[in-house]
Amino acid sequence: MKHIVIIGGGIAGIETASALTDAGHWVTVIEKDTRVGGKLNNWSYLFPDFTPAEKIAESLLEKCREKDFSILPDTEVKAIIRNQDKFNIHTSGNQNLEADAIVLATGYELFDARRKEEYGYKIYDQVVTSADLEQLLRPGESLTVAAGKNPKRIAFVHCVGSRDEKTGNHYCSKVCCITGVKQAIELKKRLPEAEIFCFYMDLRMYGKHFEELYREAQEKYDIQFIRGRLSEASEKIDKSLLIKAEDTLSGRPLKMNVDLLVLLVGMEAGKGTASAAFSCGVNCEESGFLKSMDSLLRSNISQQEGIFLAGSCTAPMSLNDTLLHARSAAIEVNNYLKKSIK
Amino acid sequence: METTPFIWPFTIGLLFISCFLVIIIGIWISSLSHIDKSRIIHSIFTYKSILAIKEVFMESLLHRKIFRKNPVLGYMHMSLAFGWFLLIAVGHIEACIHYKTLSVPAYKAIFMRYFVSGPALTLSEKMLAACMDMLLLFVLSGVLLAYYKRINSRVFGMKKTTQLKLGDRIALTSLWLIFPLRFLAESLTAGIHNNGSIISQPTGQLLASFLPVQSLETPLWWAYSGALSLFFFALPVSRYMHIPVEVILIFLRNYGIKVQKRIDGYSRIQVYSCSRCGICLDSCQMTHAAIKDTQSVYVLKHIRNKNLTDEKLFNCLLCGRCQPDCPVGLELNNLRMTQRIESTKEYNSSYKYLKNGKLNISPQTEVIYFAGCMTHLTPAIIKSIKEIFAVADVKYWFMDEDKTACCGRPLMQIGQYEAAKKLIKHNREQILATGIKKIIVSCPICYKVFKEDYALPGVAVLHHSEYLLELMADKRIPIKKMPMRVIYHDPCELGRGSGIYHQPRLLLNEYVDVVPTKNEKEAAYCCGGSLSNIKIQMDERNQIRNKTLEEYITYQPDMLATACPLCKKTFAKTNKLNVHDIAEIVCMALNTNKERPKKETYLYFHEVKHLEETKIKMNIH
């Protein structure tokens with residue numbers, strides 16, 4: 001029986017593990033956190049149909065329970081050493097694993113919005129990220145702002161840390177546009193009186209039902225979309241925010257008072273992926289995401305034989321894309337191990 | 001008087017260059033403004049001229065500044081300049097004594113050994129002749145070093161040396177030939193007439209023992225005269241124009257003349273005073289981004305040759321790092337500015353829509369606070385200033401809290417001087433209307449323009465680092481030392497631009513430990529974020545920034561402090577060091593509840609080092 005070690009117990013890691021177990025392999029998942037599920041655990045509802053994130057997390061957990069693969073929680077990889085056809089993996093728990101193949105499923109990190117200081121994240125109370133808002137949208141959480149009232153006017157800023165030369169992230173993070181639309185609708189449902197504005201560069205509604213949701217946001221929920229990037233935000237004495245932007249469609253500068261500013265933060269490869277790449281000699285793209293052999297036919301295959309890539313460690317991905325990418329990783333690993341038996 | 005045909009090349013050359021210099025310098029001085037002309041008239045018979053003479057002696061002859069940079073390079077320049085000067089001066093005295101008259105024509109002194117056929121008789125003549133031999137040896141040692149510098153410039157402390165044009169090559173070659181030819185000619189004559197001294201006499205006798213000195217003598221004197229003549233004729237089209245023009249520059253500078261915001265005679269004099277030594281190449285950070293053709297020396301050269309492109313003119317951070325190193329003390333930034341103004345004249349906006357409204361300011365207000373556009377992009381600084389002002393109970397008016405016109409400096413930096421003047425006028429009226437006598441500025445870019453171009457009589461302009469120091473000295477804010485090692489990064493516009501080096505350090509030292517670095521104060525690196533460069537690419541900016549950070553990281557500080565929002569923003573993008581403005585650090589210390597920044601070691605994904613080692617471990621190569 002072949003042994004496969006998967007680094008990362010998020011959506012991609014668990015899905016790959018489950019598919020490879022089904023194919024009859026012995027699989028071990030190394031997860032640095034106490035529980036599996038990764039970033040999914042921080043989300044409340046998912047686009048485009050407002051599925052509770054817990055439902056997906058629960059189905060992943062069910063796979064963990066039902067299928068016969070092992071998970072090493074609270075464990076990090078210390079070193080990976082190639083030993084002929086096999087890999088020796090040393091973990092922070094002082095375990096030594098021997099594997100025939102490795103799958104990197106180290107995921108992404110959210111862009112640290114403090115790096116766009118002009119938006120005032122962690123400087124002004126009423127600036128939150130999309131991830132923070134997701135917590136606030138959990139049932140039972142209150143949305144009151146500092147002045148002790150419901151926010152009357154809310155602004156979303158798209159592309160925070162994505163497609164931005166100044167932060168060095170040239171790529172599109174793909175999921176933030178639809179996340180913004182989803183969250184705007186959720187806020188409007190909660191606060192029907194509130195005015196909601198989204199400041200965007202382009203809206204990239206690439207997925208199934210995305211465009212429909214965007215149309216619904218405008219027609220049914222009266223959410224205003226303004227094409228223009230925010231230049232800066234400043235705090236007023238009453239803790240509300242004054243934002244400055246340019247409406248590039250009307251070609252005019254614009255100033256607005258808002259009670260809440262939501263920053264739709266993008267994805268970055270992050271330290272986990274960087275250290276994984278470092279410890280097994282896999283190259284990174286300029287963006288920091290892991291480099292695969294090519295982007296069409298071999299997007300799961302790294303330049304290191306026997307090391308495979310799954311999920312958002314290779315590029316920003318939605319939940320749906322991640323699941324598909326994970327399953328295709330499992331197929332590639334299975335083919336590789338079959339070949340090596342011959 | 002005895003004469004000979006070979007004196008003519010030299011004499012004609014000397015006549016040509018003298019007339020040329022008188023005419024061109026006359027044109028330049030006549031194109032100065034009335035104020036500058038009256039400066040000359042009022043200063044010419046004052047101690048300023050004596051100071052100028054002293055400076056000419058120290059810099060044009062002894063080359064003190066180059067000595068400080070590198071002793072070998074300094075010696076080379078000194079031996080050529082001072083040695084040559086003494087050769088001319090002592091040679092003339094010698095001729096005066098010999099011919100017993102004060103009106104000796106130049107050629108008589110220069111070719112004296114040819115005309116004086118007997119050995120020196122009196123003690124004073126012997127002494128002078130020996131002295132002349134030693135001086136020539138002194139100059140020759142410099143020429144030898146100059147030969148060697150062309151082969152290996154690193155010995156002279158220079159990584160790079162400038163490229164030469166045809167005029168320069170002719171002048172350089174003739175300059176290199178003048179002194180060896182003189183030495184040979186004098187030695188040969190000594191070999192024939194026994195009129196040499198301690199060095200030329202033995203050399204002459206040695207040469208006479210195996211060479212037909214009789215037939216070589218005249219051709220060599222011709223060659224010497226020819227080399228001198230060639231040098232004089234090549235001078236106007238070569239970089240050696242700096243030799244005569246620098247003297248004029250030093251006098252005018254001592255009379256208080258400065259480069260204006262337009263091209264005039266003085267800016268021409270500055271341009272022609274550049275010796276193209278190339279010392280500015282080494283200090284220019286554009287080379288960190290592999291940009292190697294936009295440095296001051298090249299821009300001045302292109303101005304002279306009238307082929308400066310906007311691509312080169314605007315591809316400069318205006319950080320001013322080249323200026324302190326310039327041995328001639330040229331106003332390199334201001335010279336570039338004159339060209340930028342010229343180049344963008346037609347684009348100036350009218351700003352007609354700017355209107356000053358009524359102000360509603362409480363009479364107790366003690367200071368105006370002007371944050372600046374850049375500081376609005378780093379709101380943590382504004383927040384800290386507000387908190388500090390609250391602690392110190394400063395009554396202030398936040399001039400640009402909501403909307404104000406830009407300070408005008410970024411426009412100025414790209415040459416839009418006329419447009420900037422409109423913004424300045426608008427803001428200036430507003431400031432004067434308040435009657436407040438102190439304005440605090442958070443951005444060094446604004447600070448410089450407020451200080452230099454706003455003309456605010458009776459209003460003190462302070463950068464917040466100066467004002468916070470004042471508040472601290474007045475015990476309006478408490479001192480609390482935090483156990484942190486901090487590097488202070490000098491912003492270009494505040495440091496080199498405005499000479500504020502000590503106040504930020506004095507202030508910081510009360511709150512943290514300031515670690516000195518190799519390149520600081522005048523030699524401080526630019527962060528790479530400068531608004532003055534409108535041609536540079538973002539990745540080139542990043543290369544410059546990374547190189548600057550690289551040095552700071554070697555000191556392993558807990559934090560990088562700066563006093564400029566633009567520097568802060570530029571450095572903070574990388575996550576490599578914890579970067580904060582001085583105001584934030586003071587605020588951090590005042591606010592004891594605030595968490596101290598943790599020391600973190602960042603592993604940034606762009607720089608996964610040791611990848612190669614890992615590959616070896618993984619058996620792939």
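The legends below accompany several views of a predicted model.

**View 1. Chain B as a whole.** In this predicted model, chain B contains 28 helices and 8 strands, and its C-alpha trace extends over about 95 × 75 × 45 Å along the principal axes. Of the 621 residues in chain B, 44% are buried. Among the contacts in chain B that have a separation of 6 or more, 75% are made by residues 24 or more positions apart.

**View 2. The two domains of chain A.** Chain A is split into domain 1, which is made of residues 3-108 together with 269-341, and domain 2, which covers residues 113-266. The centres of domain 1 of chain A and domain 2 of chain A, taken over C-alpha atoms, are 32 Å apart. Where these domains touch, domain 1 of chain A contributes 11 residues and domain 2 of chain A contributes 18 residues. On the side of domain 1 of chain A that touches domain 2 of chain A, there are 6 nonpolar, 4 polar and 1 charged residues.

**View 3. The largest nonpolar core.** This core holds 259 residues, and the members that touch the most others are A:Ile102, A:Val103, A:Leu104, A:Leu261 and A:Leu263. At least three residues of the core come from each of domain 1 and domain 2 of chain A.

**View 4. The surroundings of A:Val103.** A:Val103, one of the core members that touch the most other members, is shown here with its contacts, leaving aside neighbours within four places in sequence. These contacts of A:Val103 are A:Ile4, A:Ile6 and A:Thr16, together with A:Phe308, A:Ala310, A:Ala329 and A:Val333.

How values were computed
Residues are numbered from 1 along each chain as its sequence is written. Chains are lettered from A and ligands numbered from 1 in the order in which they are written. This is a predicted model: local features need pLDDT of at least 70, side-chain atom pairs count only at pLDDT 80 or more; totals for chains, interfaces and linings use all residues. Helices (H or I, at least four residues) and strands (E, at least two) are DSSP runs, numbered from the N terminus. A residue is buried if 20 or more other C-beta atoms lie within 10 Å of its own, exposed if 12 or fewer, and partly exposed in between; C-beta atoms are placed from the backbone. Two residues are in contact if their C-beta atoms, placed from the backbone, lie within 7 Å. Domain bounds come from an automatic or database domain assignment. Ala, Val, Leu, Ile, Met, Phe, Trp, Tyr, Cys and Pro count as nonpolar, Asp, Glu, Lys and Arg as charged, and the others, Gly among them, as polar. A nonpolar core is a set of buried Ala, Val, Leu, Ile, Met, Phe, Trp, Tyr and Cys residues joined through C-beta atoms within 7 Å.
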